[in-house]
Each structure stands twice: as structure tokens, then as C-alpha cells.
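Visitor: Hi, I have not looked at this one before. Could you walk me through it?

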Amino acid sequence: MDTRNAAFLGAWPGKRDHREGYRLRWWDDQGSLLLWDTEQIEQEHQRVERLTAQLRAAGIEPEL
């Protein structure tokens, strides 16, 4: 069986929708958690905020 780019279900302890507990989450074949859409959006938002701050620190006003 070829497991490249495979995803696996596993238990994830954490908080989601104001509830703490274990959830089934998808993991890649490297053991990295595959993010939910909302997590991906938040991660991208944080990246944009960091880059915006770096540009402003360099004297560049980004057009958003």
C-alpha cells in the first residue's frame, strides 16, 4: 500500500467550540495535524498581521 500523501484518523485532546475533550482529527503521514478550515484561516490571518508589522517597521505602508 502506498502511504504517500495519506491521512490517518487519530485522537486529539483539545478545545473546540467551547468544549474540552478528545476529538477525532486527521493527521498526515508525517504525524502533523491537518488543520480545520477555521484554523487555516486564523493561521493565515496571523501571518498577514506579522508581515504587515514587518513592513511598517521597515517604513512601508502596505495596501490592504
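**Around Arg-25**

Guide: Let us begin with Arg-25, which counts as buried because its relative accessibility is 2%, and the cut-off for buried is under 20%. Please keep in mind that this is a predicted model.

Visitor: Where is Arg-25 found?

Guide: Arg-25 belongs to strand S2, which covers residues 19-28 and runs antiparallel to strand S1, residues 7-16, with 10 bridges joining the two.

Visitor: Is Glu-39 buried or partly exposed?

Guide: Glu-39 is partly exposed, with a relative accessible area of 24%, whereas Arg-25 is buried at 2%.

Visitor: OK, how many salt bridges does the structure hold?

Guide: The structure holds three. Another of them joins Glu-44 and Arg-47, with the closest N and O atoms 2.7 Å apart; these residues are three apart in helix H1, so about one helical turn separates them.

Visitor: Changing topic, where is confidence lowest and where highest?

Guide: Strand S1 has the lowest confidence, at a mean of 91, and helix H1 the highest, at 95, while the protein chain averages a pLDDT of 91, with 94% of the residues scoring at least 70.

Key:
Residues numbered from 1 in each chain as written. Predicted model: local features only at pLDDT ≥ 70, side-chain atom pairs only at ≥ 80, totals over all residues. Heavy atoms only, no water. Pairing = 2+ DSSP bridges. Helix = DSSP H or I, 4+ residues; strand = E, 2+ residues; numbered from the N terminus. Buried < 20%, exposed > 50% of the residue type's maximum accessible area, 1.4 Å probe, protein only. pLDDT = per-residue confidence, 0-100. Salt bridge = Lys/Arg side-chain N within 4 Å of Asp/Glu carboxyl O.
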